[in-house]
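Here is a short walk through one protein chain. Look at the sequence and the model first, then read on.

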Amino acid sequence: MKYPTYDDRLYRCTVRRSVRLALDDGIIKKQPCEVCGLLDVEAHHDDYSKPLEVRWLCRKHHLDLHKALRKAGLWPAYNDKRVFIGVNSPIEEN
Ligand SMILES: [Zn+2]
Ligand SMILES: [Zn+2]
């Protein structure tokens, strides 16, 4: 199990805050889940270096995507579910 470093986590916090501020300012808008259309969505980043390029996914499909990414061996950081960021959900601590 690979855990993100402190800096990784700090960076993700910053990204999460950017998304929230951009939402508040109307720069980006929440979209329904791109898989099932549910309106209760979380922001997913394919690329954390582009904080405002997000994909919107409900909790279930967000988890599914991360599972698939982990299986595919993409983004080693995804081996740890604590890296999840969602506009509504805090980074998980467990
Ligand atoms: Zn969904
Ligand atoms: Zn994600």
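Two residues are in contact if their C-beta atoms, placed from the backbone, lie within 7 Å. Keep that cut-off in mind for what follows. The model is a predicted one.

Start with the overall layout. The chain has 2 helices and 2 strands. Read along the sequence, they follow the pattern α-β-β-α. Helix H1 covers residues 6-24. Strand E1 runs over 41-45, and strand E2 over 54-58. Helix H2 takes residues 59-71. Of the 94 residues in the chain, 15% are buried. Among contacts between residues at least 6 apart in sequence, 52% join residues at least 24 apart.

How far can the model be trusted? The mean pLDDT of the chain is 79. A value of 70 or more is reached by 72% of its residues. Among the elements, E2 has the highest mean pLDDT, at 96. H1 has the lowest, at 86. Residues 78-94 are another matter, with pLDDT below 50. That stretch still has 40 contacts in the model beyond near neighbours in sequence. Where pLDDT is low, the predicted coordinates should not be read in detail.

Which residues form the largest nonpolar core? There are 6 of them: Val19, Val41, Ala43, Val54, Trp56 and Leu57. Strands E1 and E2 each supply at least two residues of this core. E2 gives the most, with 3 residues. In soluble globular proteins, nonpolar side chains tend to be buried together.

Is Leu57 buried or exposed? A residue is buried if 20 or more other C-beta atoms lie within 10 Å of its own. Leu57 has 24 such atoms within 10 Å, so it is buried. Leaving aside neighbours within four places in sequence, Leu57 is in contact with Cys33, Glu34, Val35, Val41, Glu42, His44, His62 and Leu65.

Arg55 has 17 C-beta neighbours inside 10 Å, so it counts as partly exposed. Its contacts, not counting residues up to four places away in sequence, are Glu34, His44 and Asp46. Pro32 is 23 residues from Arg55 along the chain. Their C-alpha atoms are 9.6 Å apart.

Next, move to the loop between H1 and E1. Ile27 has its place there. Why does Ile27 count as exposed? The reason is its 11 C-beta neighbours inside 10 Å, since a residue with 12 or fewer is exposed. Ile27 is in contact with Ala22 and Leu52, leaving aside neighbours within four places in sequence. Ile27 and Leu52 are 25 residues apart in sequence. In space, they are 8.8 Å apart, C-alpha to C-alpha.

Finish with helix H2. Just after H2 comes Gly73, with a positive phi of about 75°.

Notes
Residues are numbered from 1 along each chain as its sequence is written. Chains are lettered from A and ligands numbered from 1 in the order in which they are written. This is a predicted model: local features need pLDDT of at least 70, side-chain atom pairs count only at pLDDT 80 or more; totals for chains, interfaces and linings use all residues. A nonpolar core is a set of buried Ala, Val, Leu, Ile, Met, Phe, Trp, Tyr and Cys residues joined through C-beta atoms within 7 Å. Helices (H or I, at least four residues) and strands (E, at least two) are DSSP runs, numbered from the N terminus. pLDDT is the predictor's confidence in each residue, from 0 to 100. The expected span of a helix is 1.5 Å times one less than its number of residues.
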